[in-house]
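Thank you all for coming, and please keep the structure open on your screens while I talk.

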Amino acid sequence: MDKLRNYDVSFPGLKNGKHQFKFEIDKSFFQLFDTEQEFTNPKITADVLLDKHTTFLEFEIKTEGTVDLVCDITNEDFQHPVENQINVLVKFGEEYDDSDEDVITIPIGDHAFNTAQLIYENVALSIPMKKVSPNVSDEDLEILEKFSSKDIEEVEEEEEKSDPRWEALKKLRDKN
């Protein structure tokens, strides 16, 4: 947890208004979270804009850079751009509470807010579920679609049409 302190934004000495912070995010950042990543070689910059008010803090976190992904179709590595932004309101209360995704409550006595988890989530949300290399040709996609399995609904419709027992069951159902 101590290494995550590098991503603390200390606010007590700051005047009300906007303040800019910048963090360079690489492989070592993601190793702090003890989770397996779907990407390699991250080269990301996190720009954190703090708008300090008397009773609350507003954070705008922008991440921009690249990560290497493995294509789901060709299994080749490719570079994927990462660009995302999240806004969070931080207010003061009795205890830490992050149950609302847009508002985080921190204890009144806290003097810093750790942005590491928000940066991590911001990057994670930028990774697509389906990873397709820009080098995949339209021809490859057509071949893949031709040999891919049919939709479940299509298979069910075909089964219903080809099995005469369904017709007998439907007649029984319709009588009742």
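This is a predicted model: local features need pLDDT of at least 70, side-chain atom pairs count only at pLDDT 80 or more; totals for chains, interfaces and linings use all residues.

Let us begin with strand β4, which covers residues 56-70 and pairs with strand β3, residues 40-52, in the antiparallel sense over 11 bridges. A hairpin of 3 residues joins β3 to β4, and if you look for T40, you will find D68 of β4 standing opposite. On to the next partner: β4 is also joined to strand β5, residues 77-93, by 15 bridges, and these two strands again run antiparallel. Here E60 has N87 in β5 as its bridge partner, while in the hairpin of β4 and β5, with 6 residues between the strands, N75 takes a positive phi near 65°.

Now to the aromatic rings, where the count comes to 9 aromatic pairs. One of them is formed by Y7 and F23, which are tilted at 55° between the planes, with 5.4 Å from centre to centre. This pair links distant parts of the chain, because Y7 sits in the segment before β1 and F23 in strand β2, 16 residues apart.

Finally, on the surface, V132, L141 and L144 form a nonpolar patch with about 210 Å² of accessible area together. L141 lies in helix α3, residues 138-147, and counts as partly exposed because its relative accessibility is 34%.

Conventions. Residues are numbered from 1 along each chain as its sequence is written. Side-chain values use heavy atoms; hydrogens and water are left out. Patches are made of residues with over 30% relative accessible area and no salt bridge: like charges are joined within 9 Å, nonpolar side chains (Val, Leu, Ile, Met, Phe, Trp, Tyr) within 5 Å. Accessible areas come from the Shrake-Rupley method with a 1.4 Å probe; for residues, only the protein chains shown count as cover. A salt bridge is a side-chain nitrogen of Lys or Arg within 4 Å of a carboxyl oxygen of Asp or Glu. Helices (H or I, at least four residues) and strands (E, at least two) are DSSP runs, numbered from the N terminus. Buried means under 20% relative accessible area, exposed over 50%, partly exposed in between (1.4 Å probe, protein chains only). Two strands pair if DSSP finds at least two bridges between them. Rings of Phe, Tyr and Trp (its six-membered ring) pair if their centres lie within 6.5 Å; planes under 30 degrees apart count as stacked, over 60 as edge-to-face and the rest as tilted.
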